[in-house]
Amino acid sequence: MKTFAVVVIYNGMKNNWIHQCFTSLLSSSTSVEIIAVDNHSSDESVQYIQQHFPSVILLESSQNLGFGGANNLGLKKALELDGEFFFLLNQDAHVEKNTIEKLINTSLNHPEYAVISPIHLNGNGTKLDKSFARSVSPYYCDGFYDDHVLSNTKRPIYGSPFICAAAWLLTKKALEIVGGFSPAFFHYGEDDNYCHRVQYFKMKIGVVPDTYIYHDREDRPASAFDEEIVSLQRQYTVWCSNPNNPTDIDRLIGQFKNKTLKYTLLRNQKEAKNSREILKFLQNRKYSIKTAYKDSISDKTYKFIG
């Protein structure tokens, strides 16, 4: 069973990320081949990988494909090389020696799970990663907190509707059924959509409670992707792309036309501007979102990875 780790690289020299990530993967208790997809870095990431990790399969993109697009490129290569398990890991994360082995063993015993994740800790392992903590809260992941607090872990895997894609084990079966990441998303939101699609195809997402990754992102500065308007645009794309309960994008466009007119008449310049920007985004992305939605629920093998 060939296992590939797919790592998307974008200016990964910060905080020694590449070295720590790749060294941990290559020290795993189970054999792992690394596919690194460089998203057109402007630092020395490519040269560093070539010099210090010659065994890594390095794919260089001439443009930034986004998180999902770059992972799809890596998954395509792994499939061409007859991969059976595919471990997606962020460049700013590293694994324990037995992390991937435990995930694979759990997958073999629980094939109904399309996405299997370890516990995500912060970079130095002193607490849970904040995003991960929300995903395993009692509101989403029944029993996980209680069992850990009481030191009484009862299950080999705990189900949750969502785990961020900083560390996912995917199976070949999952890729055949669910596919890769939707092109409707450039950065952020692609893992929400993927989890929605996993549930649509009656598969599961889960956390293995006795293995970890360390995700060094606590000091990550805010970016353009965190801006309010961009976050709203992304959220509406998630809603319109959710196969379990899709929001009608045409209806949404109509609502924002009315909002834009309303706030313009009220001379509320800020809200009118925001509504106009979201309306323009939805109109420009309408066809691509609808197309991606239809493709995501089709029975096409390896959708979005070809």
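Predicted model: local features only at pLDDT ≥ 70, side-chain atom pairs only at ≥ 80, totals over all residues.
Residues are numbered from 1 along each chain as its sequence is written, and side-chain values use heavy atoms, with hydrogens and water left out.

Trainee: How many helices and strands does the chain have?
Mentor: Helices (H or I, at least four residues) and strands (E, at least two) are DSSP runs, numbered from the N terminus. On that count, the chain has 11 helices and 9 strands.

Trainee: Why is the chain called as compact as a globular protein of its length?
Mentor: The radius of gyration is taken over C-alpha atoms, and the globule rule is 2.2 Å times the number of residues to the power 0.38. For 306 residues the rule gives 19 Å. The chain is close to that, so it is as compact as a globular protein of that length, with a radius of gyration of 20 Å.

Trainee: What percentage of the chain is buried?
Mentor: Buried means under 20% relative accessible area, with a 1.4 Å probe and protein chains only. Of the 306 residues, the buried share is 49%.

Trainee: What is the volume of the largest pocket?
Mentor: Take a 1 Å grid over the protein atoms alone and a 1.4 Å probe; a pocket is an open set of points with protein on both sides within 12 Å along at least five of seven lines. Points are joined across faces, edges and corners, and a volume is the space filled by probe spheres set on them. For the largest pocket that comes to about 1,700 Å³.

Trainee: Which helix gives the largest share of its lining?
Mentor: Lining residues have an atom within 4 Å of a point. The largest pocket has 50 of them, with Asn-90, His-187, Tyr-188, Arg-217 and Arg-220 nearest its centre. Elements supplying at least two include strand 1 (3-9) and helix 9 (228-241). The largest share, 6 residues, comes from helix 8.

Trainee: What is the volume of the second largest pocket, and which residues lie closest to its centre?
Mentor: Its volume is about 190 Å³. Of the 13 residues that line this pocket, the closest to its centre are Phe-186, His-187, Arg-234, Phe-281 and Arg-285.

Conventions
Buried < 20%, exposed > 50% of the residue type's maximum accessible area, 1.4 Å probe, protein only.
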